[in-house]
Amino acid sequence: MNPFTPSAPTPFASAPGPTVRAVHDEFHGDLLEVSMGPQHPSTHGVFRMVATLDGEQLVKLKPVFGYLHRNHEKIAENTTYLGSMPYTDRLDYLCSMSTNWAYALAVERLAGQAVPERAQYLRIIMAELTRLVNHSCLVGFLFNDLGTSFTPLLYAFREREKIIDLFESLSGSRMMCNYQRFGGCRVDPTPEWLAAAQQLVDNFPRFLDEYERMLTGNEIMLARTQGVGRLDATHAINAGITGPVLRASGVDYDLRKVDAYGFYAQFDFRVPLGAHGDTYDRYMMRILEMRESVKILQQAFKRLPAGPIMDPKAKLRGFRPKAGEAYGRLEGPKGELGFFLISDGSPNPYRYRVRPPSLINLTLLEEMCLGHTIADAVVILGSIDIVLGEVDR
Amino acid sequence: METLEQIRARLLLAYPAAQITFVTNPGPAAEHSLLIEATHAVEIARWLRDDTALHLDYCSNATGVDWPDKTITDVATTTEPDPAGGPAKTVETKTTRLQPGYLEAIYHLYSIALKQGPVVIRLRTANRTDAVTLPSLTPIWRSCDFQEREIFDLYGIIFSGHPDLRRLLMWDEFKDHPMRKDYVEPDDYEWEPTAHGAVLERAKPHQSAAAAPALKTGGTP
């Protein structure tokens with residue numbers, strides 16, 4: 001029989017339902033298993049997913065981890081508390097300032113260490129600048145995943161370059177900043193640095209407007225992202241999804257508001273929330289959060305007090321916190337970044353644990369992708385925002 | 001939010017047969033925790049999640065800790081009167097005992113609905129060798145899925161009831177559990193025989209004399 005002649009529907013016609021189709025004619029039925037990654041450019045590093053395809057539709061997707069595993073936690077348990085600080089840069093290498101802060105926060109909770117006011121403000125400035133870097137890059141990479149070859153990404157990288165130039169002039173390194181210390185920060189920015197940062201932040205909304213004019217209403221973008229990769233709030237909470245991905249599903253949970261760590265309680269900003277939990281909402285979360293970050297930064301520059309940047313009682317060399325344990329977490333650009341530390345009174349942590357938002361946000365990747373095409377799975381993965389240095393540790 | 005003692009009291013009312021121990025955290029963070037007996041862990045976890053006052057719907061962090069066997073020296077001081085009538089002497093007697101090791105899984109629970117937390121619960125295995133099974137809390141909190149796989153991978157705790165318990169980070173053929181405190185790294189993870197002196201030297205202890213292949217040096221194959 002010529003397969004191209006239209007014929008009466010067979011008894012094996014497509015079963016209804018969005019994900020699983022029981023089709024047994026000669027076109028369907030054979031499932032194809034595709035191993036995507038670990039060297040695939042759109043898996044954002046060495047992430048690998050084993051996708052089972054029925055035609056172009058995904059019927060199964062299993063993530064495979066560990067290609068960048070170096071047992072970060074064991075290495076940290078074999079070195080001093082301070083010795084791990086530069087290594088935390090390598091976890092989420094786009095957001096080293098926030099990762100540093102999360103680690104410093106956990107150690108400060110463990111040791112009961114106070115932080116002076118100026119350092120708290122500087123931390124907020126660095127963390128929010130990092131959020132700008134991360135979110136603008138993410139949006140650029142998302143468009144790369146959608147198939148626009150590099151143009152939006154280069155616009156994003158132009159802005160990122162300005163921010164990491166600032167990081168370099170302050171900390172000596174563009175990406176591996178190693179800036180936070182237990183009880184403060186490492187270097188005090190000069191007035192010139194602050195003026196340059198202020199100018200950058202003043203100009204940032206113009207970049208966002210330009211970016212949004214180019215991308216947000218784009219027809220292809222809307223067609224490819226709206227209604228794709230939906231995630232409902234109940235499942236997202238149960239699966240421990242955090243950060244912009246959770247808020248895109250409409251859950252109001254931002255640790256800057258909930259825990260009010262640092263001095264965030266004194267800042268006036270809003271938490272953007274999505275309504276549909278699809279890829280488009282996750283994209284919009286990033287854009288809106290960048291606008292809120294600009295607001296926080298403006299307030300921080302205005303109010304930055306003078307004073308020391310390190311607590312005079314802080315101890316760096318020979319630092320031995322008392323026996324105990326502490327869990328410190330903060331709102332990283334990718335989600336809740338936590339460090340869990342157990343001290344036995346020795347110079348090395350007895351247990352050092354990173355709670356990686358990138359890894360845990362992937363828990364529901366399969367559920368989000370099922371029924372979509374493999375091209376959509378790439379976009380959904382891009383909208384979750386992972387960095388493999390943190391996923392595999 | 002109610003204190004951990006109050007939660008413990010309510011839990012004991014709901015599950016009178018369960019053993020729930022309050023574990024004090026001596027550090028400045030003072031995040032105390034509840035040690036829950038493994039047999040009741042799933043029910044108690046479900047109770048913690050569904051209780052209207054707690055509503056701990058979000059398990060933020062699940063992690064393992066290895067506590068190897070430890071020799072503990074107890075020092076007992078007694079005072080003995082001096083037979084000659086002088087000041088009493090203090091005598092220290094030292095006794096050593098072996099505290100058996102165990103593996104521990106720690107869960108940090110928060111409530112997103114009520115914006116409160118954390119409540120820290122811990123589960124302990126009977127020992128570190130053969131009785132290393134704990135109930136999986138993945139059916140309660142899906143966020144434990146990858147994290148329990150990681151604990152299984154790196155610490156060797158077997159989570160019964162986990163839907164997909166495989167190694168997460170190490171490769172499937174890997175035998176040991178590298179985060180344990182007594183783990184000894186191999187000299188070379190990717191050892192293969194090559195005719196380079198330094199590598200061969202390090203490889204020697206891994207080869208038995210009979211199995212060692214005769215290596216040709218120079219000449220044509």
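The structure is a predicted model, in which local features need pLDDT of at least 70 and side-chain atom pairs count only at pLDDT 80 or more, while totals for chains, interfaces and linings use all residues. Residues are numbered from 1 along each chain as its sequence is written, and chains are lettered from A and ligands numbered from 1 in the order in which they are written. Helices (H or I, at least four residues) and strands (E, at least two) are DSSP runs, numbered from the N terminus.

**Contact between the chains**

- Chain A contributes 36 residues to the contact and chain B contributes 28 residues; two residues are in contact if their C-beta atoms, placed from the backbone, lie within 7 Å.
- On the chain A side, at least two residues each come from α1 (72–77), α3 (96–111), α8 (233–238), β6 (324–332), β7 (335–343), β8 (351–355) and α12 (357–360).
- That side of chain A has 15 nonpolar, 10 polar and 11 charged residues, where Ala, Val, Leu, Ile, Met, Phe, Trp, Tyr, Cys and Pro count as nonpolar, Asp, Glu, Lys and Arg as charged, and the others, Gly among them, as polar.

**Chain B: overall layout**

- Chain B contains four helices and nine strands, in the order α-β-β-α-β-β-β-β-β-β-α-β-α from the N terminus on.
- Of its 221 residues, 30% count as buried; a residue is buried if 20 or more other C-beta atoms lie within 10 Å of its own, exposed if 12 or fewer, and partly exposed in between, with C-beta atoms placed from the backbone.
- Among contacts in chain B with a separation of 6 or more, 55% are between residues 24 or more positions apart.

**Chain B: the five-stranded sheet**

- An open sheet of five strands in chain B has the order β1-β2-β7-β6-β3, with mixed pairing; two strands pair if DSSP finds at least two bridges between them.
- The edge strands are β1 (20–23) and β3 (58–67) of chain B, each with a single partner strand, so one side of each has no neighbour in the sheet.
- From one strand to the next, the twist averages 25°.
- Within the sheet, β2 (residues 33–36) and β7 (residues 116–124) of chain B are parallel and share three bridges, and B:L35 stands opposite B:R122 in β7(B).
- Helix α1 (residues 4–14) of chain B lies across β1, β2 and β7 of chain B and runs at about 175° to β1(B); axes are lines fitted to C-alpha atoms, for helices over the stretch in contact, and angles run from 0 to 180 degrees between N-to-C directions.
- Helix α3 (residues 144–155) of chain B also packs on the sheet, where it touches β3 and β6 (102–111) of chain B and makes about 5° with the direction of β3(B).

**Chain B: a covered helix and an open strand**

- In α3(B), 12 of 12 residues are buried, including B:F146, B:I151, B:F152 and B:L154.
- These buried residues pack against α12 of chain A as well as β3, β6 and β9 (158–160) of chain B.
- After α3(B) comes B:G156, with a positive phi near 85°.
- Strand β4 (residues 70–80) of chain B lies largely in the open, because the number buried among its 11 residues is zero.
- β4(B) runs antiparallel to β5 (residues 89–99) of chain B and is joined to it by 11 bridges; B:K70 has B:Q99 as its bridge partner.

**Chain A: packing around α4**

- Helices α4 (residues 117–146) and α5 (residues 151–171) of chain A cross at roughly 165°, with axes that come within 8 Å.
- α4(A) is therefore roughly antiparallel to α5(A); angles under 35 degrees count as roughly parallel, over 145 as roughly antiparallel, 65 to 115 as roughly perpendicular and the rest as oblique.
- The contact of α4(A) with α5(A) has 14 nonpolar, three polar and two charged residues.
- α4(A) also packs with α14 (residues 374–384) of chain A at about 175°, with the axes 9 Å apart.
- That contact joins A:F141, A:L142, A:D145 and A:L146 of α4(A) to A:V378, A:V379, A:G382 and A:S383 of α14(A).

**Chain A: residue A:D232**

- A:D232 is in the loop between α7 (219–225) and α8 of chain A and is partly exposed, with 14 other C-beta atoms within 10 Å.
- The C-alpha atoms of A:D232 and A:H276 are 7.7 Å apart, although 44 residues separate them along the chain.
- Leaving out residues up to four places away in sequence, A:D232 touches A:S249 and A:G277.
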